[in-house]
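This report covers a helix pairing, a salt bridge and a surface patch. Please keep the sequence and the model at hand while reading.

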Amino acid sequence: MTLIRGVIAGVVVIGVTELSRKFPRAGALLLTLPLVSILAFVMAWTKYQDLPTVSRLAKETLILVPLGLPFFIPLAFAEKLNLGFWPAFGLGTLLASITIGLWFWLGP
C-alpha cells in the first residue's frame, strides 16, 4: 500500500510538471487543488477508519496551509526582485519555515 501511495504522489507531481510547461495556469490550478490532501485523507481513512484521527489531521492542515503561503511570495516576484529560481526558492522556504516554526514554537 505504501508503494501505491508513492506512485500516486509521483504521478501527481509529474502530471503537474508536464501540464505546467504548456499551460501554466492549468498547472497552477492543479497545485491549488488539495489533491495530495484529498489522497492523504482517503488513504488515512482506508488504513485506520478512525474519524477523530482524520479530523485532527484536517484541523492541523487547515492551520498550516496558510502559514506555508509565504513560500510562494519570492517565487511570484522573482523577476521584479532580480532573483534566480534557487535564491527565490530558498527565500520562500526560509519564509515558510519561519511562519510555521513560529506557530510550532508559540502555538498551542
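Predicted model: local features only at pLDDT ≥ 70, side-chain atom pairs only at ≥ 80, totals over all residues.

**Helix α1 and its partner**

Helix α1 spans residues 2-22. Its axis and that of helix α3 (residues 35-48) come within 11 Å and cross at roughly 170 degrees. Angles over 145 degrees count as roughly antiparallel, so α1 is roughly antiparallel to α3. On the α1 side the contact is made by R5, I8 and V12; α3 contributes L35, L39, M43 and K47.

**The salt bridge**

How many salt bridges does a search of the whole structure find? The search finds one. E18 pairs with R21, and the closest N and O atoms are 3.1 Å apart. Both residues lie in α1, three residues apart, which is about one turn of the helix. E18 is partly exposed, whereas R21 is exposed.

**The nonpolar patch**

L91, L94, I98, L102, W105 and L106 make a nonpolar surface patch of about 640 Å². One of these residues, I98, lies in helix α6, which covers residues 85-106.

The accessibility values for the residues discussed are listed here.

| Residue | Relative accessible area | Class |
|---|---|---|
| E18 | 42% | partly exposed |
| R21 | 61% | exposed |

Methods
Residues numbered from 1 in each chain as written. Heavy atoms only, no water. Patch = residues over 30% accessible without salt bridge, like charges linked within 9 Å, V, L, I, M, F, W, Y side chains within 5 Å. Areas by Shrake-Rupley, 256 points an atom, 1.4 Å probe, with all protein chains shown as cover. Salt bridge = Lys/Arg side-chain N within 4 Å of Asp/Glu carboxyl O. Helix = DSSP H or I, 4+ residues; strand = E, 2+ residues; numbered from the N terminus. Buried < 20%, exposed > 50% of the residue type's maximum accessible area, 1.4 Å probe, protein only. Axes fitted to C-alpha atoms, helices over the stretch in contact; angles between N-to-C directions. Parallel < 35°, antiparallel > 145°, perpendicular 65-115°, else oblique. Contact = heavy atoms within 4.5 Å.
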